[in-house]
Amino acid sequence: MSLGDWLNERIGHREPLRRFLDAPIPGGARIGYVWGGALALLLLVEVVTGALLMSAYAPSATTAWASVAHINFTLRAGWLIRGLHYFGAQALVILIAIHVARIALHGAYRAPREIGWFLTLGLLGVILGFTFTGNPLPWDQDGYWGARVETGIMGSVPVVGSFTQQLVVGGSSLGHLTLTRLYGLHVFVLPAVMALLLAASFAQFRRHGFGTPHGADLGKADRFFPKQLGLILLAVALVLVVVFDLAAMEHGAPLEAPADPVSDYNARPAWYFRPLFELRKYFPGSLELIATVGLPGVVGLYLALLPFIDRKPGPLRARLPALAPLFLIGLGAVGLLATSFVKDAKDEGFQRSEAQSAARTARAVALFKQGVPPEGALAMLRNDPETRGEDLYKKECASCHRLNDLGPPKDKQTAPDLTGFGTKAWALEVLRDPDADHLFGKTAFKEMMPSAVKPPADPEAAKVFTPMSEADQETIAAFLEGQARGEPGAGTPGEKMVRQRCTSCHRLDGKTDDEESAAPELRGWASVAWIEAQITNPGSGKAYPPAAMAKDLEGHMPAFEEKLSANDRKVLAAWVYRRGRGEPGATAAAKAPDKKP
């Protein structure tokens, strides 16, 4: 007895399989019939890749990001498995949408197939549920902030919204419980519901078969095998080719920097939720419920009632009144999706934020390859001088100062632009036009420093004014740039020129002709130590003198010695020094923060 005979004798699989493969298809095999089968086979791919990912994934807010990074960057073929799972999920959304549209266009929801239609809508809901619960699992910035937006919408639903939100989130804010609950839904609850829906859908299909479109030649019939099954396998193969290509292009799937609840992040939902995201913008304030609950509820009710609205068979043209809302829903969704992406493409602020996010992600991946501390991936970033410095700058400095793309818009800054700070070019700008808007023109120090090349406003003073020669300007600026780099400069022509031309107001080694002047110390100007002293206490004399903190100078820079730890001040100073001079990456000047709480 062969193995096949032995199995058939015990489980009897041959007869049901033969009946399934030999099932006739009235009107013949069609491309339009492939979507349900393709959906089921792609779900199988998701189950297999998901099970493999489960073997390496660690579902907690501390470990999730690092485990996904391990899958993506160090586990053999892990990037491919994750890419197939991620892009396969995107493909499922498209396939279920096509499947629903096919059933509607063919009128395959009419009696006696109403139950099959309801089951298909259930599959649509579960697939969206898979994407909703799966996106936050890497616990990166995109997943975390997307979940905050989506659970916030969930909480706005009247009556049950608050309860449902707390049930999913597990408290007042996203954290460990959120991740474990979403993981439980993703790998246990939703797969169980999906299995039941698929079994019921298959039973309905076996009972009623394909819903043939109007005008099909019912005298013609093909067996399910080989033609229709071949078309289904061809469709799946094409989908998998696209999924493989996307996974290869992305080297897995996107993974942003670890989730940081206190960061400034421009959250966007996944593309299939973008239409709803964009729709909300047209209903501000209390009207938002129309976009988040009202209109989706109307769409859901329409789809559920469609079998009872469109009851009479006929050509598509005759059914247009019943199907017109479906066409409008599709066009509206595509239009809102396109509008959302076009707006983001034209939004300079958003694009700048995306570039900063990409840089942070690259830094996180580089740090991951050096090892993740037990405290987790977020602690890894916060203990890094480069990212810690940027975070501190955004929090403490960017409301007044501008540095490259960080800080207020150019016409809104209230403190000197630090782009190029410490360079010869920056020093020359101050010498020539200190009251420029991007320098001291919008500060309390406006008109305190005279220009080296522009005559003063006072006519009498202008008569005796002699502009500084370009050679002298270059000499002074070169000396100052050397001070920023930590060069001694003693006895150089630049130092001599500074003593002759600048110490009537400025200090050099603490000495000046005007002890009441608020001009800064030029020895070590713009060096890491000088910047640190300025951050600690601008009136300490190490950077600016006490006069710079006078009460009548409203808007002067505050001292941070009580607000920031000594370590954070060192990190911030080193970061400003490097970024101001256009030097990326960490340097020995920035010591990593202590890991003590």
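The lining of the largest pocket has 38 nonpolar, 7 polar and 2 charged residues. This is a predicted model. The pocket holds about 2000 Å³ of space. Elsewhere, the structure has 21 aromatic pairs, and its largest nonpolar core counts 48 residues.

**Largest pocket**

- The lining is made of 47 residues. Leu124, Leu128, Tyr272, Phe273 and Val299 lie nearest the pocket centre.
- Six elements are named as giving two or more residues to this lining: α5 (78-106), α6 (114-134), α7 (141-155), α11 (274-280), α12 (288-309) and α13 (320-346).
- The largest share comes from α13, with 11 residues.

**Charge over a ring**

- Arg274 places its charged end over the ring of Phe341. The distance to the ring centre is 4.2 Å.

**Aromatic pairs and cluster**

- Phe421 and Trp530 pair in a tilted arrangement, 6.2 Å centre to centre and with 45 degrees between the planes.
- Phe421 sits in the loop between α16 (385-396) and α17 (424-432), and Trp530 in helix α21 (residues 528-536), so this pair ties together parts that are 109 residues apart in sequence.
- Both Phe421 and Trp530 are buried.
- Trp530 also pairs with Tyr544: the ring centres are 6.2 Å apart and the planes stand at 55 degrees, so this pair is tilted.
- Tyr544 belongs to the loop between α21 and α22 (566-580), while Trp530 is in helix α21, so the contact links parts that are 14 residues apart in sequence.
- Tyr544 is buried, as is Trp530.
- One aromatic cluster takes in Phe421, Trp426, Phe445, Trp525, Trp530 and Tyr544.

**Largest nonpolar core**

- In soluble globular proteins, nonpolar side chains tend to be buried together.
- Tyr393, Phe421, Ile476, Trp525, Ile531, Leu572 and Val576 touch the most other members of the largest nonpolar core.
- At least two core residues come from each of α16, α17, α19 (470-485), α20 (493-501), α21 and α22.
- Helix α22 gives the most to this core, with 6 residues.

**Cis peptide bonds**

- Ala111 and Pro112 are joined by a cis peptide bond, with omega near 10 degrees. Pro112 is in the loop between α5 and α6.
- The bond from Phe225 to Pro226 is cis, with omega about 15 degrees. Pro226 lies in helix α10 (residues 224-250).

**Positive phi outside glycine**

- Glu447 has a positive phi of about 70 degrees, although it is not a glycine. Glu447 is in the loop between α17 and α18 (459-463).
- With 64% relative accessibility, Glu447 counts as exposed, because the cut-off for exposed is over 50%.
- Ala526 has a positive phi near 65 degrees and is likewise a residue other than glycine. Ala526 is in the loop between α20 and α21.
- With 1% relative accessibility, Ala526 counts as buried, because the cut-off for buried is under 20%.

Methods. Residues numbered from 1 in each chain as written. Predicted model: local features only at pLDDT ≥ 70, side-chain atom pairs only at ≥ 80, totals over all residues. Heavy atoms only, no water. 1 Å grid on protein atoms, 1.4 Å probe; cavity = no way out; pocket = protein on both sides within 12 Å on 5 of 7 lines; lining within 4 Å. Points joined across faces, edges and corners; volume = space filled by probe spheres on them. Helix = DSSP H or I, 4+ residues; strand = E, 2+ residues; numbered from the N terminus. Nonpolar A, V, L, I, M, F, W, Y, C, P; charged D, E, K, R; others polar. Phe/Tyr/Trp six-rings, centres within 6.5 Å; stacked < 30°, edge-to-face > 60°. Buried < 20%, exposed > 50% of the residue type's maximum accessible area, 1.4 Å probe, protein only. Lys NZ or Arg CZ within 6 Å of the ring centre and 35° of its normal. Core = buried A, V, L, I, M, F, W, Y, C linked by side-chain atoms within 4.5 Å.
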